[in-house]
Protein chains: 4
Amino acid sequence: MVPLNEEQLTQIRDERKEQIVAAAVKVFARRGIVGTKMSMIAAEAGISHGLLYHYFKSKEELFTTLIEEAMAESLRETTNVNHLAGSPLDKIRAFTEAILDKENMEYFLLVHHARTSNDVPEKVKEIFSKNNMNVYVDLLKNIIVEGQAKGEIVAGDPEKLIVSYISVLSGIMVINANDMEVEGYRIPEIDLLMRIVQKVPE
Amino acid sequence: MVPLNEEQLTQIRDERKEQIVAAAVKVFARRGIVGTKMSMIAAEAGISHGLLYHYFKSKEELFTTLIEEAMAESLRETTNVNHLAGSPLDKIRAFTEAILDKENMEYFLLVHHARTSNDVPEKVKEIFSKNNMNVYVDLLKNIIVEGQAKGEIVAGDPEKLIVSYISVLSGIMVINANDMEVEGYRIPEIDLLMRIVQKVPE
Amino acid sequence: MVPLNEEQLTQIRDERKEQIVAAAVKVFARRGIVGTKMSMIAAEAGISHGLLYHYFKSKEELFTTLIEEAMAESLRETTNVNHLAGSPLDKIRAFTEAILDKENMEYFLLVHHARTSNDVPEKVKEIFSKNNMNVYVDLLKNIIVEGQAKGEIVAGDPEKLIVSYISVLSGIMVINANDMEVEGYRIPEIDLLMRIVQKVPE
Amino acid sequence: MVPLNEEQLTQIRDERKEQIVAAAVKVFARRGIVGTKMSMIAAEAGISHGLLYHYFKSKEELFTTLIEEAMAESLRETTNVNHLAGSPLDKIRAFTEAILDKENMEYFLLVHHARTSNDVPEKVKEIFSKNNMNVYVDLLKNIIVEGQAKGEIVAGDPEKLIVSYISVLSGIMVINANDMEVEGYRIPEIDLLMRIVQKVPE
DNA sequence: CATGAATGAGCGTTCATTCAT
DNA sequence: CATGAATGAACGCTCATTCAT
């Protein structure tokens, strides 16, 4: 006979919001911004479409939230690489493994759609124009330079090398990110990719 | 006002159709299936949207036509590689160069959308389920095997190697295929990519 | 935490109900039936929107209640005029003053919306079809007739005169009942309006 | 076998647009901005709702167009009064007659809704903030002043008098503007209203 | 062959109403 | 009695498709 207390409400809200976000990531990743209908997200989350609007005031806001979270998470992960133990090459390998984790696919597709689509919310465009690849380059440059000094990593402009490598990894993720049973592309083995940066001892 | 004869009409039809196809490729590549409006294609082709329906029965049919043409063209190009002169490594390099040609980006995006989207026409799904990567693998396997025999190309399962390499190249193309104004990914230099397959002389 | 007794509960109910009615009048008057959202009333009353439904079964019922109260009140006021002291013209003046009171604006707007809107509850339509202007006419006719006999009020069909005068006053109220910040209409001075009914001594 | 020529198209477009505007005025006047559904306008105009959007890009734009036309028309009519022949009092009477014309009711309701509703398009708010009553006052002031000089019109601040009179007339129109068969308000006879401004010879 | 007016299915979003707590 | 999470009908608007000219 008494309304739910603040704590319970907060818990319900957090759960629902998480539930929606998870559903939205899944659907947006697979179908893109335009291809995703709010009803699909609602269905995926197992709620009514009306309820979506209690938690996110629009499709735009929902997508923007997702991107913000994704960007933050990716930054966090990249930052982690620097704190790993081991040689520069070990770090690159760890970074590669972390990126190529299948768990990350939805994230990559999300960002790919956000970068690619013309129907992206204005706010997301801003995020990308401010928060470009440079952040990652800066985070990883030291590793490359150090690796080059040690003779573990091929010579050449470190920034070019990083961007190229990230491009390869991102491409791999995006290209493989669908569960089509159809025989298609494949995620290359890490050793194979590492050859791009790894210096071969003469 | 003499009525056009059969031949002239056919010519007009063919020209128009080509015009529409070119416009459609451009728009579909950039905006995906759902993101592309028939009116955009009409505008890009410089014709009325009504006219589109004289040449293509529906958006689905138009997209399907595009994919069929693209698949055929890609097969044609891949076949060409085998007829090139030079060492296996030279052929791989030529193949790489041919693929990374910016001219091909629209094609890669098109195929990416076709593979990725859930809103793809049934017929396109069939095309992909029949016409999978194996064709390319078969076309390029000989080159790899020969290269391995010559010690130019790294050891290992040739098919895995091919699929991985094509995945890398395709990923690169898809990931780079948008507005280059924004600082972002980059197409790696060919030498850098070739390291994936190239055997380093000991 | 002793449970409230019957009497206290009734009191709470009555207070709440009054609180809601006051809020509803305010919002409905300013925004009309369709323009008023239940959430606005709840916010204005400082309660949750869920609670509204403990006191009023629906938006329709709430609005209907408001109209019923307003009609009763207006009848009460009009009746009062007859009991005033003074000449017929004094009574008309008092009536005019009472009506043009700014306090009454919400009432007039409410009735205006109820009369005007097509989305009005069926029950309200009934109220208007039964309880029409005749009641007021009957209440005021004597005053007019008496005034005409005394030469204070212009000659002519008393009923026509009353309805016309009430129309003018009502129109004035409705037209002036919004944001006065904007330079716009104005409530005329009473003397000016009285000229409509007042006979000028020759 | 040939597309319609420019002239025919223009004619169709003009007819349709007129048809829509007429329907929209009717519905908006009767039901207000929020109460009017685009489907109602479409039904009233006898077209599909989709077609509305070929001619007006939104409900807002449609409403704004209506208001702009109404304001222009009202200004035109008011201006006309000054060019009439006759005494100042004749002019006022002509003005009164013109306003009280039943044809104008929809216009008055439209403006009333535009002035009253909180959901009015921003552009309409601007129109009202710029184009306030002063225009009309200025147009009619001379008539009043002249009439006062001639002893035809009561003494007093001419502007107050005009605004009051316009308020009365507008109120009358708004209050009477529904075809409810229910006995209700009535449009007063003109002589009765004219007494507000008319000076009685002593 | 070519045009654009016209239609209607479908999507994003709002809001009255219900109900578990 | 009181709260706010949850639902779904309904509305504004878009766009693929049709068809008269």
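Predicted model: local features only at pLDDT ≥ 70, side-chain atom pairs only at ≥ 80, totals over all residues.

Modeller: Let's begin with buried area, which is the accessible area (1.4 Å probe) that two parts lose on being put together, summed over both. For chain A and chain B that area comes to about 4000 Å², and carbon and sulfur atoms give 61% of it. As for bookkeeping, residues are numbered from 1 along each chain as its sequence is written, chains are lettered from A and ligands numbered from 1 in the order in which they are written, and side-chain values use heavy atoms, with hydrogens and water left out.

Back to the meeting of chain A and chain B. Chain A brings 41 residues to the contact and chain B brings 42, where contact means heavy atoms within 4.5 Å. Between these two chains there are 4 salt bridges, a salt bridge being a side-chain nitrogen of Lys or Arg within 4 Å of a carboxyl oxygen of Asp or Glu. Have a look at E189(A) with K160(B), which form a salt bridge with their closest N and O atoms 3.1 Å apart.

Now step inside chain A. It has 10 helices and 0 strands (helices are DSSP runs of H or I with at least four residues, strands are runs of E with at least two, and both are numbered from the N terminus). Along the sequence, the pattern reads α-α-α-α-α-α-α-α-α-α. Its C-alpha atoms fill a box of roughly 75 × 40 × 30 Å along the principal axes.

How do you describe a helix pair? Two packed helices are described by the angle between their axes and the distance between the axes. The axes here are lines fitted to C-alpha atoms, for helices over the stretch in contact, and angles run from 0 to 180 degrees between N-to-C directions.

Take helix 4 (residues 59-83) and helix 8 (residues 134-150) of chain A: their angle is about 10° and their axes are 9 Å apart. Helix 4 and helix 8 of chain A are therefore roughly parallel to each other (angles under 35 degrees count as roughly parallel, over 145 as roughly antiparallel, 65 to 115 as roughly perpendicular and the rest as oblique). On the helix 4 side of chain A you'll find M71(A), S74(A), L75(A), T78(A), T79(A), V81(A) and N82(A), which meet V135(A), Y136(A), L139(A), L140(A) and I143(A) of helix 8. That contact between helix 4 and helix 8 of chain A has 8 nonpolar, 4 polar and no charged residues (Ala, Val, Leu, Ile, Met, Phe, Trp, Tyr, Cys and Pro count as nonpolar, Asp, Glu, Lys and Arg as charged, and the others, Gly among them, as polar).

Next, helix 1 (residues 6-35) and helix 6 (residues 105-116) of chain A pack at about 45°, with axes 8 Å apart. Helix 1 and helix 6 of chain A are therefore oblique to each other. Their crossing in chain A is left-handed, meaning that the near helix is turned anticlockwise from the far one by less than a right angle, while clockwise would be right-handed. The residues involved are V25(A), K26(A), F28(A), A29(A), R30(A), R31(A), G32(A) and I33(A) from helix 1, plus E106(A), L109(A), L110(A) and H113(A) from helix 6 of chain A. By class, this helix 1 and helix 6 contact in chain A has 6 nonpolar, 2 polar and 4 charged residues.

One more stop in chain A: K125(A) and E122(A) form a salt bridge at 3.8 Å, N to O. K125(A) and E122(A) both sit in helix 7 (residues 122-130) of chain A, 3 residues apart, about one turn of the helix.

Finally, the other chains. Chain D has 41 residues in contact with 42 of chain C, and the area buried between them is about 4000 Å². On the chain D side, R115(D), Y185(D) and R195(D) lose the most area to chain C, together 16% of what that side buries. Chain D and chain C share 4 salt bridges, and D119(C) with R31(D) make a salt bridge at 2.9 Å, N to O. Chain A and chain D don't touch, with their nearest C-alpha atoms 19 Å apart. No contact joins chain B and chain D either, where the closest C-alpha atoms are 11 Å apart. Over all chains, the salt bridge count is 38.
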